[in-house]
Amino acid sequence: MAESTDVVVIGAGVIGASIALELARSGLRVVVVDKFGGAGNGSTSASSAVVRFTYPTIAGVNAAWESLHCWEAWRDHLRAPASETLATFNRCGVTLLDVDFAPRTLFTSHFDKVGVPYEEWDPQELSEQLPAVDTGQYFPPRPVDDDEFFADASARLGALHTPDGGFIDDPQLAARNLATAAQRHGATFRWKTEVTAVIRQGERVGGVLLKEGTELSAGVIVNSAGPWSGQLNRLAGVGGDFTVGLRPLRQEVHHVAAPAGYHDVGGDRQAPVLADMDLGTYIRPEGREFLLVGGTEPECDPLEWLDDPDEGNPLATASQFRTQVTRAARRLPGLRVPNKPKGVAGVYDVTDDWTPVYDRTELAGFYVAIGTSGNQFKNAPLVGRLMTTLIHGVEGGHDHDRNALTHTCEHTGETIDLSAFSRRRRPAASTGTALG
């Protein structure tokens, strides 16, 4: 059985759903194929959904700042009816503790150009703003069983605070919101469906073959398959000219009770997201009573790379729970470390430099929005627009490899050079962590 459409988007996470929405808005017929039963059921569901602007590249800061404006006007962005339940942006701020390998100026030089407000706190100001936080410097991060883990602080830390940062309360709902909006514009979704072959017509893509036997003819294919994106690239025979690699990485995020009084930071404010590369962890509010705790991939921790994303253990493990929550408790002395782990595990799609690839490939008509896990959730509203600019430009005859396309942001008016996300780029400036 054969069917035809203009575009097939593979993967209905928050990135794929956003791409489907913007391509459908641009007038294209879009079919989205996903192996799960609903939007955002893959790695999106394991995201901490932090909205921050601390990227070491101007393109990264511009993308995050523009995306904030989309999250703040989420109903307008989606053109959703008043009756539709939507994910919510929580503006609690993001506090990045000082660390020598990622000095404040790495970010503030871009903030000044883009117009991102920020505050620079010395150790005294950090203590006054967040009294529950230990301001000690303990770098480098160590295994929790290391004799030096509980050594005295070598100095006191300040912080870089961005008051407009925060998080999305329900990342999976955000993906569903985007998928629903895409459907209002005519996109269709095929759930519990896998791609078994990418069809070529000479030097150009011709469509995909689905597991149940359907052949979907299309002149454009978009790989937004998250941790399965590498497998799909191999199926399409693309990637030979990539200068950045990518691999699936299993990650855990843990759920713990907040210390008593942790959120009492004045008025109705909630404690901010705390990014702590000094100890190798981050801490995000989860309501008024709980916290999410994740890691920042410190060098002392072995990373769990996977050959097959389907082999990742979906449950939080006692060892990673103990490691990450103990580090968080070092920073928050009032935090208790429970004996039983509670949290979620997911598989990230990670490039060598933790910067995504939004680009065409050597197979005409085959595009990629990959390497996004861990640090691109916040940019999802914009990614759909970046990919739409890219696809219409290249399909219209523009040689993006020779002369990179640019995208002008709707809200900020800033211009983003898409070469920053090229498959052929030199590895981008990066902290080497999910924090970018």
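Biologist: In what sense do S23 and S24 pair, and over how many bridges?
Modeller: This is a predicted model, and in it strand S23 (residues 357-360) and S24 pair in the antiparallel sense, with four bridges between them. One of the facing pairs puts Arg360 opposite Tyr367 in S24.
Biologist: And what's in the hairpin between S23 and S24?
Modeller: Five residues lie between the two strands, and Gly365 takes a positive phi there, near 90°.
Biologist: Which way does S16 run relative to S24, parallel or antiparallel?
Modeller: Strand S16 (residues 220-223) runs parallel to S24 and is joined to S24 by three bridges, with Val222 standing opposite Tyr367.
Biologist: Is S24 buried or exposed, then?
Modeller: Five of the five residues of S24 (residues 366-370) are buried, so the strand is largely enclosed by the rest of the structure. Phe366, Val368 and Ile370 point one way, while Tyr367 and Ala369 point the other way.
Biologist: What does H6 pack against?
Modeller: The buried residues of H6 pack against helices H1 (14-25), H2 (58-72) and H3 (74-78), and also against strands S11 (166-168) and S12 (188-190). Among those buried residues are Leu173, Asn177 and Leu178. The helix itself covers residues 171-184 and reaches 20 Å from its first C-alpha to its last, close to the 20 Å expected at 1.5 Å a residue. After H6 comes Gly186, whose phi is positive, near 100°.
Biologist: What about Leu86, where is it and what does it touch?
Modeller: Leu86 is found in the loop between H3 and strand S5 (89-90). Leaving aside residues up to four places away in sequence, Leu86 touches Trp74, Arg75, Leu78, Ala80, Leu173 and Asn177.
Biologist: Why does Glu84 count as buried?
Modeller: Glu84 counts as buried because its relative accessibility is 14%, and the cut-off for buried is under 20%. Glu84 lies in the loop between H3 and S5, and, again not counting residues up to four places away in sequence, Glu84 touches Arg75, Asn177, Thr180 and Arg184.

Technical notes:
Residues numbered from 1 in each chain as written. Predicted model: local features only at pLDDT ≥ 70, side-chain atom pairs only at ≥ 80, totals over all residues. Heavy atoms only, no water. Expected span 1.5 Å × (residues − 1). Buried < 20%, exposed > 50% of the residue type's maximum accessible area, 1.4 Å probe, protein only. Contact = heavy atoms within 4.5 Å. Pairing = 2+ DSSP bridges.
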